[in-house]
Amino acid sequence: MKHIIPDSLKNGDKVAIVATARWITEEQLDYAQNLIESWGFKVVPGKHLHTRYNQLAGTDDQRASDLENAINDPEIKAIIVARGGYGTVRILDKVDFSQLLNSPKWICGYSDITALHMKLHSMKIASIHSTMPVSFGDATAEALDNLRLALLGDLNSIAFRDVLAESSGNYAISGNLLGGNLSVLYSLIGSSELKIDHDFILFTEDVDEMLYHIDRMIVGLKRSGFFAHIKGMCLGGFTQMKDNTTEFGFSADNPWGFDAYQTIKALTEELDIPLFSGFPAGHMSDNRALYLNVPVRLESTNGFNRMIFQQHGREK
């Protein structure tokens, strides 16, 4: 399935930082701005990055306006969302994204920004799943450099060890990659953004969830028909998972019995698809950037995996 691929950035290009969910501090913005400008880009901060409307960076209208202004500004070549949390889905229907069809630009972020990634997928526009300014100070050098390479169009592949590997088999699949945070994907059930009518490979990750919630979300996605055209899954980090045990404040031990990876594996076995696990992306310091809504090839060789991005440069 062909998608629109934004142009790679070059030295001197402008990059906007906007908040579609929560606000960031001036210190966090300064750190991110200095880093991005060290890459050779010019940063254009959104108007409401520091506005505090309870947890959110301003009202829905203010956040939507900042994103739409960045989309419509012809000098801005990429948009990095400042922070996740919650709130992006509240502005999806308030933003006019149509200018991206004529003048596409990279939109970057993860977690709550999955709502934006899926909106862009519905428009057949590629995007970048990556660390964000709120996390730049804690990100690994590899995570930050992956974002830089992705913006420059120089991110070609990422190798990782499979944490579920049980054999020495060799296999590979190719397809269009989509996805993001599992909880956000689950929250989009029934929306136009989650109606997928073509073959795809799913990337997903999550944080701070009960293990049985992982089961609930996968079962819900299966029952909704979301997996009808799935060719394979790539699992990133499932961090800070909780269980019904005294360790997490419950009065008695009543464990779910499987970790997140095992839970997903058991629920997807009937789909007869390959499962690649341990991808270095998600709610962790080593949150590597990856392209979404683009064709990829996933290869597994004796428990070592590689994601290869098969297309670069803007598609005419």
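**Group meeting: a helix, a sheet and a surface patch**

I'll start with helix H4, residues 114–122, which is mostly covered, with eight of its nine residues buried. Bear in mind throughout that this is a predicted model. The buried residues of H4 are Thr114, Ala115, Leu116, His117, Met118, Lys119, Leu120 and His121. After H4 comes Lys124, and its phi is positive, near 65°.

Next, the sheet. Seven strands make up an open sheet with mixed pairing, in the order S6-S13-S12-S7-S8-S9-S10. At the edges are strand S6, 157–161, and strand S10, 275–277, each of which pairs on one side only. On average, and ignoring direction, neighbouring strands here are turned by 30° against each other.

Within that sheet, look at S8, residues 200–207, and S9, residues 230–239. Seven bridges join S8 and S9, and the sense is parallel.

Last, the surface. Which residues form the nonpolar patch there? They are Tyr212, Trp256 and Phe258, and together they have about 290 Å² of accessible area. Tyr212 sits in helix H7, residues 211–224. With a relative accessible area of 31%, Tyr212 counts as partly exposed. The cut-off for joining a patch is over 30%, so Tyr212 passes.

That's what I have; questions are welcome.

Definitions and conventions. Residues numbered from 1 in each chain as written. Predicted model: local features only at pLDDT ≥ 70, side-chain atom pairs only at ≥ 80, totals over all residues. Heavy atoms only, no water. Patch = residues over 30% accessible without salt bridge, like charges linked within 9 Å, V, L, I, M, F, W, Y side chains within 5 Å. Areas by Shrake-Rupley, 256 points an atom, 1.4 Å probe, with all protein chains shown as cover. Salt bridge = Lys/Arg side-chain N within 4 Å of Asp/Glu carboxyl O. Helix = DSSP H or I, 4+ residues; strand = E, 2+ residues; numbered from the N terminus. Buried < 20%, exposed > 50% of the residue type's maximum accessible area, 1.4 Å probe, protein only. Pairing = 2+ DSSP bridges. Axes fitted to C-alpha atoms, helices over the stretch in contact; angles between N-to-C directions.
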